[in-house]
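Work through the exercises below with the sequence and the 3D view side by side. Try each task before you read its solution.

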Amino acid sequence: MTQSDSTPIARVEPGAFLTLHYRLSGPHGDVVNTFGQAPATLSLGNHELSPALEDAMLGLPEGAHEHFTFEAGVVFGQRNPDLLQWASKASLASAGENVAELQVGEVVQVPSGPNGQHVAGIIRQVQDDALLLDFNHPLAGSPVNFEVQIIGVL
């Protein structure tokens with residue numbers, strides 16, 4: 001099949017640079033949704049998406065619009081109780097967070113290393129001087145729906 005008589009349709013291959021729209025959702029709704037916004041761009045194999053999601057796209061032609069359903073734990077692993085950790089409000093305040101405004105369900109960026117890297121945690125509990133942060137992916141341990149529209153393949 002060709003776009004014209006002489007141009008083959010580009011397909012998603014390992015290492016491909018993609019322009020796409022995608023939606024990740026679980027039992028409680030969307031976690032990421034680029035439909036209705038500017039499309040996302042990514043390079044397949046650079047760990048910008050879960051390997052399971054990248055594998056699902058392999059072989060799709062430019063222009064494809066597909067839906068995939070994954071069983072719980074396949075895309076983002078199982079929930080890990082070790083990734084629930086308490087952090088003092090003082091340490092978060094020193095990292096620039098406005099701790100007086102933080103509430104359950106919000107995402108905070110926590111410094112994770114000497115190079116200024118940060119990791120996102122979801123607030124699960126708030127106490128007077130500390131917060132319980134969940135560093136699991138929001139869809140860890142959940143079934144995942146993945147909708148993707150391949151706009152361009154390079």
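The model is predicted, so local features need pLDDT of at least 70 and side-chain atom pairs count only at pLDDT 80 or more, while totals for chains, interfaces and linings use all residues. Residues are numbered from 1 along each chain as its sequence is written, and side-chain values use heavy atoms, with hydrogens and water left out.

**Exercise 1. Elements and overall form**

Task: List the elements of the chain in order and compare its radius of gyration with the globule rule.

Solution: 
- Step 1. Helices (H or I, at least four residues) and strands (E, at least two) are DSSP runs, numbered from the N terminus.
- Step 2. The chain has two helices and nine strands, in the order β-β-β-α-β-β-α-β-β-β-β from the N terminus.
- Step 3. The radius of gyration is 19 Å, well over the 15 Å that the globule rule gives for 154 residues, so the chain is more spread out than a compact globule. The radius is taken over C-alpha atoms, and the rule is 2.2 Å times the number of residues to the power 0.38.
- Step 4. Along the principal axes, the C-alpha atoms fill a box of roughly 70 × 30 × 25 Å.

**Exercise 2. A strand pair**

Task: Describe how β1 and β2 pair.

Solution: 
- Step 1. Two strands pair if DSSP finds at least two bridges between them.
- Step 2. β1 and β2 (residues 29-33) have four bridges and run antiparallel.
- Step 3. Ser 25 has Asp 30 in β2 as its bridge partner.

**Exercise 3. Pro 8**

Task: Locate Pro 8 and decide whether Pro 8 is buried or exposed.

Solution: 
- Step 1. Pro 8 lies in the segment before β1 (17-26).
- Step 2. Its relative accessible area is 58%, so Pro 8 is exposed (buried means under 20%, exposed over 50%, partly exposed in between, with a 1.4 Å probe and protein chains only).
- Step 3. Pro 61 is 53 residues from Pro 8 in sequence, and their C-alpha atoms are 9.9 Å apart in space.

**Exercise 4. His 47**

Task: Find the place of His 47 and comment on its phi.

Solution: 
- Step 1. His 47 is in the loop between β3 (40-43) and α1 (51-57).
- Step 2. The phi of His 47 is positive, about 65°, although His 47 is not a glycine.
- Step 3. Most residues other than glycine have a negative phi.
- Step 4. His 47 is exposed, at 69% relative accessibility.
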